[in-house]
Amino acid sequence: MPKIKHKPEVMHLVVVVAVAIFIALASVFIYNTTSSINKGVNQYSDRLASQKSNFVKNTISYEVKLLVNFSACLANYKTIPSGIIVKDIAALEKSITTAEAIFIADENGDVISSKNVSMNVSHREYFRNGIKGKVCVSKPLYSEPDGKMVNFISVPIYGDYKRIIGIVVGVYEEHIFSDMLDMSFSGGEKDSNGYILNNNGEVIMHGNYVLGDDVPQFDSFFSSELLGDVSETDIATVRDNFMKLGSSGIIKTTYNNERYVIIYDGFSEIDDLHYLVIAKDDVVSAQTNSFISKSIIMYIFFIVVLLLVIVAYILIVRLTFKRLKSANERISRIAYVDSLTGYSTWDKFVLDAKKLLQYDYRRYALVSFDIDKFKAINDMYGHDEGNRVLKLIADTVNRNIENTETFSRINSDNYYILMLYHDDSQISERIRNLIQAIEYEITEFVPVLSFGVYRILDSNVSIRRMGDLADIAKRTVKYGDDSAYAFYTESMLESMREEKRIENEMQNALDMHEFCVFYQPKVSLDGNVNLTGAEALVRWIKDGNVISPGKFIPLFERNRFIVKLDFYIMDQVCIKIKQWQKYYKDLLISVNMSRVHLKDPQFAEKLYSICASHNVSPSNIEIEITESAAYESLETLVNVFRELKEYGFNISIDDFGSGYSSLNMLKDLPADVLKIDRAFLAETDSNKRANDILGHVIRMASSLGMHTICEGIETDEQAKLLGGLGCEMAQGFYFAKPMPSDSFEEILKGNSKTINIPKEALREDT
């Protein structure tokens with residue numbers, strides 16, 4: 001076999017070509033890697049700047065909205081005495097801690113203010129813009145009265161036929177906004193200069209110049225020395241973006257041998273403003289600088305010796321991937337990890353859910369759940385404990401889901417689970433198991449959880465829509481006594497539409513007196529069945545049809561319309577009491593009041609004012625408040641009860657036994673009557689222990705000086721049982737149904753305190 005001859009020049013050429021190819025491939029790889037890191041850093045920087053921009057924009061927009069709301073009240077200000085206008089301005093100034101002053105300028109620029117300053121601002125640019133119908137935020141200007149540098153925010157005042165009749169102007173010291181403009185990229189102290197610019201790039205507001213002399217101060221961004229290294233094309237692009245509503249972008253420049261990153265973001269509500277932040281590139285992208293320096297070392301080693309280059313290449317690749325992974329992890333942690341629970345955020349949940357729903361052979365349901373009255377838990381145990389509970393729940397859910405499922409805490413105490421299932425019974429069983437697991441973990445109290453289940457039939461429906469439908473199902477079981485769940489049905493959506501229809505009609509119904517008061521007599525259990533008073537109950541009668549209170553009362557409590565309705569019922573009851581006193585002088589009518597009123601510090605005073613307007617003594621009124629109100633704040637409930645007693649009202653604790661049911665609570669509440677819920681009667685017919693408990697409650701109330709009444713009496717046996725246990729009063733269909741006021745008046749006109757119920761009276765459903 002002939003020997004193969006080795007030619008040195010060929011070997012050299014092969015080595016050179018191999019090295020060249022390797023260097024080329026390495027260069028391409030490093031370039032792509034650097035680009036990826038730069039892109040990730042830019043996305044991270046843009047996200048941080050966007051968060052800061054939203055805060056700045058929301059702060060300024062809030063001040064604008066305050067002025068816009070005030071201007072909406074000034075359509076006829078020229079017909080109002082100037083003294084009243086000045087008082088209104090002074091009141092607004094007192095309520096807005098951020099504004100140095102508020103003033104009005106008419107269409108001629110003459111000023112009305114609370115400072116008694118005579119001046120004309122028609123020459124000001126903010127006046128000219130405002131009188132043209134624009135919302136204007138001015139550059140820092142010299143304030144003539146007090147010699148300060150201030151910013152002005154002006155909004156137009158519209159009179160009749162949308163004619164502009166002046167402007168409202170807020171005056172803000174320069175530092176009010178400057179303190180919030182700078183931000184931090186490094187996580188430590190602020191390391192950027194922040195600005196608010198108009199479309200022309202002029203500085204409207206600026207931060208505290210934390211970068212000092214490193215960055216030149218400028219009045220106009222586009223003429224700043226900082227852009228000397230930026231091409232005219234790029235500057236033109238930024239100019240164009242500044243003219244677009246809500247536009248944003250990033251540019252990089254070099255000034256005094258220092259590289260800078262400039263990020264801008266336009267206001268979406270005020271079309272002439274942009275938030276801009278300037279930071280040193282080495283702060284924003286320290287990872288990229290570190291990579292570049294190591295790349296230079298790698299190239300030097302490549303030239304010296306191939307072996308060292310290969311070794312350096314391997315080290316750099318490892319280091320690059322490690323840093324890239326670290327950068328991605330940090331970015332993902334911000335965007336995809338809930339800081340409280342350590343699990344998925346909403347954005348991550350959506351991504352994971354979409355991936356899982358690609359498998360058509362799997363059946364999924366979206367389960368939504370939360371804790372009823374979580375705010376009350378926070379108030380009672382503190383936010384730290386509330387956060388600990390939220391973390392416990394997340395940990396428990398994580399232990400109870402499969403690898404092919406995902407979950408997230410969406411906000412506050414709201415959670416979503418994408419759950420695999422075969423049939424409804426399996427979902428029900430898993431929810432019950434999850435409830436038990438959560439109750440086991442939380443030992444301080446028994447959480448009441450509400451679950452809504454949406455069976456996913458079409459994976460193309462947006463995850464947000466799926467969650468909304470699951471939430472609809474969840475709302476149907478909220479605020480019960482125990483944890484519960486419901487499956488979404490189309491009828492639930494129809495119920496929501498019905499609630500919307502009721503909301504659209506409720507105010508007109510109140511104005512048209514469609515809400516009527518029915519009266520259900522209360523009787524004594526002394527053997528004579530004497531009338532002791534009545535409970536006022538609301539009925540909504542529309543076009544001859546009665547709308548069930550169960551359809552509108554819970555809705556009115558959620559939207560707070562119940563406040564208007566309760567005061568309306570109180571007014572109607574007082575009118576009737578005044579009429580009926582000639583038949584029954586000491587008539588006592590109980591009126592239900594929602595726990596929503598407990599947040600009103602003038603609640604008792606308002607009730608007294610209604611009585612006084614009709615010359616009715618509060619002693620003829622018994623205010624009924626459900627005992628479950630104590631769960632939200634026992635201290636508040638005690639204070640309200642004491643105020644009501646001071647005004648002379650009688651007080652009844654309603655629905656005792658249906659919820660909170662703490663006998664210890666009774667000693668703190670200065671109530672006159674304990675109203676025992678019908679739930680206490682559920683097992684008394686066959687359960688001696690239930691009888692003993694009921695008797696204990698009655699005796700306990702009596703020992704505290706409270707009268708007792710039981711509602712929902714429907715049989716002769718129940719009436720006799722309660723009388724034997726010492727209950728003083730009762731009401732229910734066994735004695736009399738709720739009746740219109742004229743029917744109740746007939747009882748009073750008979751000068752008889754006895755209600756005779758026929759023995760053949762049939763039980764009727766409520």
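**Notes on rings and helix packing**

1. R464 is placed over the face of W346, at 4.7 Å from the ring centre. Please keep in mind that this is a predicted model.

2. How many aromatic pairs does a search of the whole structure find? The search gives 31. A pair of aromatic rings is described by the distance of the centres and the angle of the planes. For Y126 and F152 the ring centres are 4.6 Å apart and the planes are at 15°. Planes under 30 degrees apart count as stacked, so this pair of Y126 and F152 is stacked.

3. Where do the two partners sit? Y126 belongs to helix α3 (residues 125-131), while F152 belongs to strand β5 (residues 149-158). The pair therefore ties together parts that are 26 residues apart in sequence. Both Y126 and F152 are buried.

4. There is also a cluster linked by ring pairs. Its members are Y195, Y209, F218, F221, F222, F242 and Y264.

5. On the helices: the axes of α11 (residues 383-399) and α12 (residues 424-441) come within 10 Å and cross at roughly 140°. Angles over 145 degrees would count as roughly antiparallel, so α11 and α12 are instead oblique to each other. The crossing of α11 past α12 is right-handed.

6. Which residues make this contact in α11 and α12? From α11 come L392, I393, T396, V397 and R399. They meet L434, A437, I438 and E441 in α12.

Note on methods:
Residues numbered from 1 in each chain as written. Predicted model: local features only at pLDDT ≥ 70, side-chain atom pairs only at ≥ 80, totals over all residues. Heavy atoms only, no water. Phe/Tyr/Trp six-rings, centres within 6.5 Å; stacked < 30°, edge-to-face > 60°. Helix = DSSP H or I, 4+ residues; strand = E, 2+ residues; numbered from the N terminus. Buried < 20%, exposed > 50% of the residue type's maximum accessible area, 1.4 Å probe, protein only. Lys NZ or Arg CZ within 6 Å of the ring centre and 35° of its normal. Axes fitted to C-alpha atoms, helices over the stretch in contact; angles between N-to-C directions. Parallel < 35°, antiparallel > 145°, perpendicular 65-115°, else oblique. Left-handed = near helix turned anticlockwise from the far one by under 90°. Contact = heavy atoms within 4.5 Å.
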